[in-house]
Amino acid sequence: MNNSSKLVIITTLITLSIGLTAASPADLTLFPEESSARIGGSTAYEVTLENTGPVMDTYTLSSSSAQEITIAPQKVDVEPGQKKVVNVWYNPQPQKEAGRYSFDVEATSRANGNTYSVGGFVTVIRAPDISM
């Protein structure tokens, strides 16, 4: 292998490394931004994840309240400039007090390890205790 070939390989590797390091920022939106759920029930949201970076990336989705939030799918491959919709369900725990709560849904880039997030709200409704 001559020096010219080695230089091409090294230049290509550096270019790829820079591309991956700067790769794939994401923009997340949540719809609706706020909803309500009764104890024993659930409410649904959609997260739209847009890959605003220059290369395809795989994002892993998670939440700030894993015991109460279900996400499907939990991993998505998104081409540059494209969007994917992910379903999110909030299922309040039986012991949860009535009230308004915030939560976050996060997407972590496989390419650069950065985490992007979007926040939402849920109002938990408890059925009144009626004793006779």
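1. Strands β3 (residues 43–51) and β7 (residues 83–90) pair in the antiparallel sense over eight bridges; strands here are DSSP E runs of at least two residues, numbered from the N terminus, and two strands pair if DSSP finds at least two bridges between them. L49 has K84 in β7 as its bridge partner.

2. The model is predicted: local features need pLDDT of at least 70, side-chain atom pairs count only at pLDDT 80 or more, and totals for chains, interfaces and linings use all residues. Residues are numbered from 1 along each chain as its sequence is written, and side-chain values use heavy atoms, with hydrogens and water left out.

3. An open sheet of four strands runs in the order β1-β3-β7-β5, with antiparallel pairing. Its edge strands, β1 (26–31) and β5 (69–72), each pair on one side only.

4. Y45, Y90 and F103 form one aromatic cluster (rings of Phe, Tyr and Trp, the last by its six-membered ring, pair if their centres lie within 6.5 Å; planes under 30 degrees apart count as stacked, over 60 as edge-to-face and the rest as tilted). The Y45 and F103 rings are edge-to-face, because their planes stand at 65°, with centres 5.2 Å apart. This pair joins strand β3 to strand β8 (residues 99–109), 58 residues apart.

5. F103 is buried, at 3% relative accessible area (buried means under 20%, exposed over 50%, partly exposed in between, with a 1.4 Å probe and protein chains only). The rings of Y90 and F103 are tilted, with planes at 40° and centres 5.8 Å apart. Y45 is buried at 2%, and Y90 is also buried at 2%.
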